[in-house]
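Me: I'd like to go through this model with you, starting with charged side chains and then moving on to the strands. Can you take me through it?
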Amino acid sequence: DFEETIIGQKKIKTLQIQNNNDICVQFTILPAQSFSLVKGKKANPFTCSPTTTILQPHSFINVDITFAPEQEKNFSLQFPIDIKYNTQAYYITVKGSGSQMKLVFDPPTLEFPIITPYSEPIEKEFVLMNPTEYPISVCATQFDYQLLYELLQSQRNSQLSRVDSSF
């Protein structure tokens, strides 16, 4: 269970597969599939690595399963495991949900009247709310003087390095 994962981020969980037999086992983990009755092409947010291997007798391998959602919804899929010379079906069942980070403005829009030069400034207040459980940083880069200073410094340094390299 990958639980809730923010869209644009990913979670990786490791699964250990063991071979307790006296012979090698060759297997392939196929792409995750939906086990619901609804068919159709859907985005698959789950991947695994490695997908094919030969497991030596009395050994194990770690398989990384990655969940990287691109939609805000619940996912529940299965990775079929194809074991050579074995007709029994094996599956790795995975689930997780994608969560979108959101901000809510109250009121949703601000309307300002027409102003003329030299008139008094007009101010409007609004509330910015985060309805999610995740912290969100908000910044207005046009008012961030530290960021502007760092940007100007990096531009100045790159110009100086180009001048130095021309000599």
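Me: Which residue forms a salt bridge with Glu72?
Reply: In this predicted model, Glu72 forms a salt bridge with Lys102, and the closest N and O atoms of the pair are 3.3 Å apart.

Me: Where do Lys102 and Glu72 lie?
Reply: Lys102 lies in the loop between β9 (90-99) and β10 (104-106), while Glu72 lies in the loop between β7 (59-67) and β8 (74-83), so the pair ties together parts that are 30 residues apart in sequence.

Me: How many salt bridges does the structure hold?
Reply: The structure holds one salt bridge. As for its two residues, Lys102 counts as partly exposed because its relative accessibility is 39%, and Glu72 is likewise partly exposed, at 45%.

Me: Switching to strands, which way do β2 and β7 run, parallel or antiparallel?
Reply: Strand β2, residues 11-19, runs antiparallel to β7, and nine bridges join the two. Within that pairing, Leu15 has Val63 in β7 as its bridge partner.

Me: And how many bridges are there between β5 and β7?
Reply: Strand β5, which covers residues 46-49, pairs with β7 over four bridges, again in the antiparallel sense, and here Phe46 stands opposite Phe67 of β7.

Me: What about Ser97, buried or exposed?
Reply: Ser97, which lies in strand β9, counts as buried because its relative accessibility is 13%, under the 20% cut-off.

Me: Which residues does Ser97 touch?
Reply: Leaving aside residues up to four places away in sequence, Ser97 touches Glu3, Glu4, Thr5, Phe67, Lys73 and Asn74. Of these, Phe67 is the β7 residue that stands opposite Phe46.

Definitions and conventions. Residues numbered from 1 in each chain as written. Predicted model: local features only at pLDDT ≥ 70, side-chain atom pairs only at ≥ 80, totals over all residues. Heavy atoms only, no water. Salt bridge = Lys/Arg side-chain N within 4 Å of Asp/Glu carboxyl O. Buried < 20%, exposed > 50% of the residue type's maximum accessible area, 1.4 Å probe, protein only. Pairing = 2+ DSSP bridges. Contact = heavy atoms within 4.5 Å.
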